[in-house]
Amino acid sequence: MDLWKFHNPVDVHAGIGALERLPPLVGERRALLIAFPEAEPLGLIGRLQSMLGERLVAVETDVRPNPDVQWLAPLYERLWRDHADARCVIALGGGSSIDCAKAMLTATPSGRFDELLDHLIDPKAAALDADGPHRALIAVPTTAGTGSEVTPWATMWDAARSRKHSLHLPWTWPEAAVVDPSLMVSLPRGATLASGLDALSHALESLWNVHRNPVSASLAVDAARRIVATLPALLDEPRRLDLREALAEAALQAGMAFSNTKTALAHSLSYDITLTHGVPHGLACSFSLPRVMRLAFGHDAALDERLMWIFDAVDADGAVSALERFLRGLGVSTDPVDYGIAPGDWDERVAQALRGPRGRNFIAGAPVVLQSR
């Protein structure tokens with residue numbers, strides 16, 4: 001058997017009431033809070049202010065979906081100018097809030113955001129000091145799906161230039177994650193669906209992945225089965241705390257899994273669909289899963305067995321059909337046309353995605369071609 005390792009340094013605190021762990025995790029540090037806009041009317045900002053008192057020196061709630069460099073830059077520069085002594089950032093919200101918070105962690109030499117972008121484009125030409133006064137992150141997710149609370153990556157978008165940046169530095173691993181399902185009860189149906197499907201994609205993408213290891217696979221299989229069993233019931237009864245807790249734990253497992261493997265083909269396909277067609281990330285990375293899963297079969301017997309077990313199927317066709325039925329039952333189309341993709345464009349999109357860094361993680365390799373129908 002080949003050598004392998006599993007690594008995840010995040011200190012995870014999970015379960016109903018886990019938010020009470022936040023003050024001791026912050027300690028005596030001065031902290032910034034990055035939160036989603038609805039956090040204040042929901043009473044969450046006031047709750048954290050009461051918990052942290054004078055340690056909370058700034059609150060930012062103007063976080064928009066798909067964080068864009070045009071508004072990240074002035075926020076970054078203001079927070080480093082006005083609160084350079086804040087050693088901790090608390091991210092409260094979904095993937096966008098946590099991605100935004102991760103963009104606030106890095107101390108650039110002059111305090112300018114463009115130096116961080118320059119490093120992402122060419123790390124050798126724009127080096128960052130590994131021992132700089134970078135901030136620590138405590139992630140408090142209010143959605144069950146992104147896995148960002150236990151991974152080091154953040155996606156930053158540049159809509160004006162039609163491109164995205166993937167931020168990944170040694171200090172962008174969260175120091176701690178506080179996963180409290182009671183914070184997710186008010187999540188709207190659309191966000192619950194999209195985040196749950198994002199988590200399912202993370203689980204499956206970490207399985208049909210060249211970087212899979214036994215620990216990541218075990219986490220991913222259990223996560224996928226729990227999501228398939230839980231998400232439809234939760235959408236019918238969104239205020240059931242036991243279902244929120246089950247989905248939160250499954251999403252956390254999926255995040256732990258892909259923290260070691262990264263994502264693969266479906267995510268590689270999704271980024272341009274989100275950027276150019278405005279499809280929410282969770283839908284953009286999940287509608288193609290049946291097509292991708294069909295291609296994943298036949299390359300690894302252990303993988304085939306795991307995929308069939310997730311969907312209680314006896315063969316590949318049964319597993320693919322079960323996944324298609326699951327998505328359709330949630331009102332999710334698996335036809336690229338319904339996401340603004342012309343039939344003649346799909347194969348070229350797949351070929352391009354397979355050449356990208358995420359596509360190259362796919363177990364079937366670059367010669368694969370997906371059919372649009």
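Over residues 366–373 the pLDDT is below 50. Beyond near neighbours in sequence, that stretch has 26 contacts in the model (heavy atoms within 4.5 Å). Because the model is predicted, local features need pLDDT of at least 70 and side-chain atom pairs count only at pLDDT 80 or more, while totals for chains, interfaces and linings use all residues. Residues are numbered from 1 along each chain as its sequence is written, and side-chain values use heavy atoms, with hydrogens and water left out.

The secondary structure comprises 14 helices and eight strands. These elements are DSSP runs numbered from the N terminus: helices are H or I with at least four residues, strands E with at least two. The radius of gyration is 20 Å, close to the 21 Å that the globule rule gives for 373 residues, so the protein is as compact as a globular protein of that length. The radius is taken over C-alpha atoms, and the rule is 2.2 Å times the number of residues to the power 0.38. Along the principal axes, the C-alpha trace spans about 60 × 50 × 45 Å.

Buried residues make up 58% of the 373 residues. Buried means under 20% relative accessible area, exposed over 50%, and partly exposed in between (1.4 Å probe, protein chains only). The accessible surface comes to about 15200 Å². Carbon and sulfur atoms account for 51% of that surface. Areas come from the Shrake-Rupley method with a 1.4 Å probe; for residues, only the protein chains shown count as cover. Among contacts with a separation of 6 or more, 79% join residues 24 or more positions apart.

Strand S2 (residues 31–35) pairs with strand S3 (residues 56–60) in the parallel sense, over four bridges. Pairing requires at least two DSSP bridges between the strands. Ile-34 has Glu-60 in S3 as its bridge partner. Together with helix H2 (residues 44–52), S2 and S3 make a right-handed β-α-β unit. Right-handed means that, with the strands pointing away from the viewer, the path from the first strand over the helix to the second runs clockwise.

Helix H4 (residues 95–103) is mostly covered, with eight of its nine residues buried. Among them are Gly-95, Ile-98, Asp-99, Cys-100 and Lys-102. Glu-115 lies in helix H5 (residues 113–121). At 17% relative accessibility, Glu-115 counts as buried. Not counting residues up to four places away in sequence, Glu-115 touches Thr-108, Pro-109, Ser-110 and Ala-126. Trp-309 is 194 residues from Glu-115 in sequence and 47 Å away in space, C-alpha to C-alpha.

Ser-218 is placed in helix H7 (residues 214–236). With a relative accessible area of 48%, Ser-218 is partly exposed. Its C-alpha atom is separated by 30 Å from that of Ser-186, 32 residues apart along the chain.

Helix H11 (residues 289–296) is also mostly covered: six of its eight residues are buried. These are Leu-289, Pro-290, Arg-291, Val-292, Met-293 and Ala-296. The buried residues of H11 pack against helices H6 (189–207), H9 (265–277), H12 (301–310), H13 (316–329) and H14 (346–355). Gly-298 follows H11 and has a positive phi, near 90°.

Technical notes:
pLDDT = per-residue confidence, 0-100.
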